[in-house]
There are 2 protein chains.
Amino acid sequence: MLGNFTFCNPTRLHFGEDSLEQLRSELSRYGKTIQLIYGGGSIKQNGIYDKVVSILRGCGKTVIDDGGVMPNPTYERLLEGAKKARENKADLLLAVGGGSCIDYAKAVSASAYCEGDPWQKYYLDFEEPTCRLIPVGCVLTMVGTGSEMNGGAVITNQEQKLKIGHVFGEELYPKFAILNPRFTMTVPYRQMVAGIYDAFNHICEQYFSGEDDNVSDRLSEALMRSLIDSSRIAVKDPQNYEARSNIMWAATWALNTLIEQGKTTDWEVHMLGQAVGAYTDATHGMTLAAVSLPYYRHILPFGLQKFKRFAVEVFRVETDGKSDEEIANEGLCAMEKWMRELGLAMNLRELGVKEDMIEGIAKATLVMDGGYKTLSHAEIVQILRESL
Amino acid sequence: MLGNFTFCNPTRLHFGEDSLEQLRSELSRYGKTIQLIYGGGSIKQNGIYDKVVSILRGCGKTVIDDGGVMPNPTYERLLEGAKKARENKADLLLAVGGGSCIDYAKAVSASAYCEGDPWQKYYLDFEEPTCRLIPVGCVLTMVGTGSEMNGGAVITNQEQKLKIGHVFGEELYPKFAILNPRFTMTVPYRQMVAGIYDAFNHICEQYFSGEDDNVSDRLSEALMRSLIDSSRIAVKDPQNYEARSNIMWAATWALNTLIEQGKTTDWEVHMLGQAVGAYTDATHGMTLAAVSLPYYRHILPFGLQKFKRFAVEVFRVETDGKSDEEIANEGLCAMEKWMRELGLAMNLRELGVKEDMIEGIAKATLVMDGGYKTLSHAEIVQILRESL
């Protein structure tokens, strides 16, 4: 564990089949007005909406409806939500849904009383909030983004064709998060596997950087193995509670800052995926899946020892009589086999990307410098072409 | 991850060679009067005391000296410390040292304004504090107990020959903890390895219980492997910063409630060790080391599959052509080999235990029911005899 760092994660997580019961005690800490944030209405069909509203009403709260948040929440929508929170003097922003809803809630929190334009301040200038913030809580219904226990908030500016994530500080982490694995069983199969891969790739982004053997890397390997094993059960039996609960818990720890401590990180796959997302509105986890293997095969020679370790520790590749390159490549082949078992998007074409969009996506891709190879524009174009 | 649980750990950890610098910003959150808690004076010799006091004075704080806390803090001493905190109206209890100092600070916090007798309330009746609490912060100089990021506070009642741990709730977790791996290099070799084994055994206590393959078990294996690898470097080269920093970080995560979530736990080795500690004042980690193998060999048949998994996942025992029993036993042999490499106490005799103390120690041993076998009094006596 080299370097200096601070770890602080104050989110209170309530986990399990009965965890929604804990919403009552959490609500007692906040004022009367609750802005209820949710997505396209699936929580109304599966009964989660009614359960939450019943608890809110039972606790004597006034509910401000903020439903219909889209999968990639937009800047325009953020401004509407912020206006609503400000005008209604919301005491708590309660997001019920997946990462998009929770990300949006954090952005609303930082924007409601923001002086100046929040897009400029948070997403272009990456400034920290200086205004009053509204507490955020969440009931998680979809696994993957880790937004339930971190400060991340991705917003899409459609006009500028930019999808950017601001990572807020601990004051914007959800104060509480309710994680009921049963709630995640209502999500369609495709969303389930996209979420699993999103979580897996969060770990990859933090793992494939640096050569040091630190605690964070060991924990990363543990979480990756857990996700792989449990996902193989879940794709055959999506109602398997134990598998779904392991996936949910691993996904939270994949992106709550634990496994990034004391090391460098990459995040280039996310930059590629987010650029694709700004052009296609494809599911986030699927955009990551489609570009991952071409990217990792491209950088493998520059991080050979780590890719070898990944093969051995995560996919248990046999090493006898093989070169480091062979072992490392076998690791990525095992990862590809697992990704195909899950039925992930394995190319960009099936996500609606066309040849003539490549140049624009490449230009919209931010270049990170923590990975094994800092990409040139030509390399980004090449990786996107190989992903088509 | 079965069952319902709540995870919340609000301690802010500052880690690294320069982490003491963060003490200034932490101090700004508290009032003027700081009760400075430390042990036998080693921090005066190695310069840590002067560095801390210089920061306290620079921040304009009034320092109430509370030095000389013994390795197993006593009930009498707790009452003195509580009186001191109350009379001086301490605004913060700052522990500089290892687990004993931090445990003591938490107990003082809950006792200063306690109505009634704290020993009776917290250590015999296991009640929660209802009085005003004083915030606790710490500068960790010795690795092992995990007290820097949890609510544990072990106190010894010499008259009653009882050493008991109360696990307080999140309101008594240290508000902040400063972890500088360099500070741990001043600890004598024997204390270093005792601390490493203490941390390792914390993981064992949570791992050797239940048969489910959950995220917690995978994370436990990761932390155990990390501790084993780094300890093998540290015993040959105690000044190796990377190894010492990995040990320090792994030890914190070994006992901050993460790896116990969603599963049952054991803690019988700690009950045996604490009973030995109440009779001998031997170093805590060494008492655990001395009883561990006889205990684990005794319960192995009742938790065979987990001991087999331990052998394979933690010590990479080869499985070809071997029975489950052989694999499981080889795992414990590999653990014994590692413990001998570290130079841990491998029997109770070298800790000062004599045959005629066995009956008393056995009677003082609390019986837990989360492990693979709930021990009878006769079994406790047998394990203690085998540990002699």
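1. Seven bridges link strand S1 of chain A, residues 5-15, to S1(B), and the two strands run antiparallel. Within this pairing, Thr6(A) has His14(B) as its bridge partner in S1(B). Please keep in mind throughout that this is a predicted model.

2. The contact between the chains draws 33 residues from chain A and 33 residues from chain B. On the side of chain B that touches chain A, the elements giving two or more residues are strand S1 (5-15), helix H8 (215-236) and helix H9 (241-254) of chain B. The most is given by S1(B), which supplies nine residues to that side, and S1(B) is also the strand that is bridged to S1 of chain A.

3. Sorted by class, the side of chain B that touches chain A holds 13 nonpolar residues, 12 polar residues and eight charged residues.

4. Taken along the principal axes, the C-alpha atoms of chain A fill a box of roughly 70 × 45 × 45 Å.

5. As for the interior, 57% of the 388 residues in chain A are buried. Among the contacts in chain A with a separation of 6 or more, 79% are accounted for by residues 24 or more positions apart.

Conventions. Residues numbered from 1 in each chain as written. Chains lettered and ligands numbered in written order. Predicted model: local features only at pLDDT ≥ 70, side-chain atom pairs only at ≥ 80, totals over all residues. Buried ≥ 20, exposed ≤ 12 C-beta atoms within 10 Å, placed from the backbone. Contact = placed C-beta atoms within 7 Å. Helix = DSSP H or I, 4+ residues; strand = E, 2+ residues; numbered from the N terminus. Nonpolar A, V, L, I, M, F, W, Y, C, P; charged D, E, K, R; others polar. Pairing = 2+ DSSP bridges.
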